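Colleague: Please show me the model, and then let us go through the ligand site by question and answer.

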Amino acid sequence: MSDHSVDCIDVGSENCPCYLALTNDCLICSRLQGREGCDCNWKGVCVYNEFIQGNRRVNNPRADFAAEIVYRKNYLDDLIVLGLRVGKGFAIKASRPGSYVFLRDKNSESYYATPLCVMEANIEEGIIAVAIKIISAKTKTLAKAEGQLMVRGIYRNGVLGIDSITFKHVKGKKILVVAKGIGLAPAILTANYLWRKNRVDLIIDMEKISEDLIADYLGEGEGTIRFIQLNEEGYREDMGELLEKEQYDIVVLFTSDYFLEQIGNMVRKRLPRAELAVSNNFRICCGEGICGACTVAGKDGDWIKMCKCNTNHISHASSYIK
Ligand SMILES: Cc1cc2nc3c(=O)[nH]c(=O)nc-3n(C[C@H](O)[C@H](O)[C@H](O)COP(=O)(O)OP(=O)(O)OC[C@H]3O[C@@H](n4cnc5c(N)ncnc54)[C@H](O)[C@@H]3O)c2cc1C
Ligand code: FES
């Protein structure tokens, strides 16, 4: 049985109740975990009531739809950006940091579905942009696709600790965003979103990323942009000094697990009161809390599905750094 103390990224959204309610595995609702009493901490619309009122069905299940490829730009031999016409409503939902979609070629089987972050959501045009690092079977197939791609989404859990970025009191907070490699794609969506209300400093490691991509998609706002090679030893000192000088309220990391741990530890040590949000680097296959690809063992011996679980507590967010 799931532990109701974890937060679910979909609770209270248009995708709640989800498939987990059907089998008494809801992450939030004690009734939908098979217990008699109501003792959840969720302060929004009652999930159990929604489930009963909705005839015990999944609300608004996410389904594949065909989206026109409106543009494709090759930035490097193994880095492309695709623009997909998804409609205004979908683009609005995709504009929130942490949004990602599953994409597959329409002639490919469902197991080719690839999780990819939204890098830009153009609401006026109803178009989203995704940056794809071409590696192996799934991404090579996507890169060759023509005409249309099948899209499923929107999924919300691309950033663990997302509440620290999207909560209403974020206005005026001083924020540092660190991105390396393809982590730049979700970093661009996040920085462009936060720049509307905040000062955001960026540290970018350009390894395997193109300057043109930054020029095309990164907007403008108050803050500095530094280009640092995280693989070089000297970065720790520079970053440590920067953290202490600037006293950031929030640090957001879009890097590999190795640097999440290294930089995450540095942030905890130098800025113990700062909130930390990190890219969700778990293996994600269904995104619905069903397949188990993203499951990790929790501290109490329970199982946590990292495609659904999120948290706004720094201690939890940092414990998710593998
Ligand atoms: C929430 C999320 C957002 C992502 N956003 C982007 C993005 O914006 N741009 C981008 O280029 N890549 C992104 N990725 C990674 C992308 O999904 C993988 O690179 C892709 O699935 C690799 O498939 P492949 O067949 O080409 O290569 P493979 O050889 O199968 O995999 C290459 C690497 O990707 C990992 N990987 C494979 N499948 C998955 C999966 N389902 N979930 C997570 N990691 C996987 C492998 O373990 C390996 O480390 C994201 C992953 C997640 C979970
Ligand atoms: S990706 Fe399937 S359970 Fe999380």
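## The site of ligand 1

Modeller: This is a predicted model. In it, 17 residues surround ligand 1, and the closest are Pro115, Lys133, Lys138, Thr139 and Ile284.

Colleague: Which class supplies eleven residues of the shell around ligand 1?

Modeller: Three residues of the shell are polar and three are charged. The class with eleven residues is nonpolar.

Colleague: From which element does the largest share of the shell around ligand 1 come?

Modeller: Strand 5 (114-117), strand 7 (127-133) and helix 4 (137-144) each supply at least two residues of the shell. The largest share is four residues, and it comes from strand 5.

Colleague: What percentage of the accessible area of ligand 1 does the protein cover?

Modeller: The space taken by ligand 1 is the largest pocket. On its own, ligand 1 has 840 Å² of accessible area, and the protein covers 76%.

Colleague: Is Ile128 buried or exposed?

Modeller: Ile128 is found in strand 7. Its relative accessibility is 0%. Buried means under 20%, so Ile128 counts as buried.

Definitions and conventions: Residues numbered from 1 in each chain as written. Chains lettered and ligands numbered in written order. Predicted model: local features only at pLDDT ≥ 70, side-chain atom pairs only at ≥ 80, totals over all residues. Heavy atoms only, no water. Near = heavy atom within 4 Å. Areas by Shrake-Rupley, 256 points an atom, 1.4 Å probe, with all protein chains shown as cover. 1 Å grid on protein atoms, 1.4 Å probe; cavity = no way out; pocket = protein on both sides within 12 Å on 5 of 7 lines; lining within 4 Å. Sits in = over half its atoms within 2 Å of the grid points. Nonpolar A, V, L, I, M, F, W, Y, C, P; charged D, E, K, R; others polar. Buried < 20%, exposed > 50% of the residue type's maximum accessible area, 1.4 Å probe, protein only.
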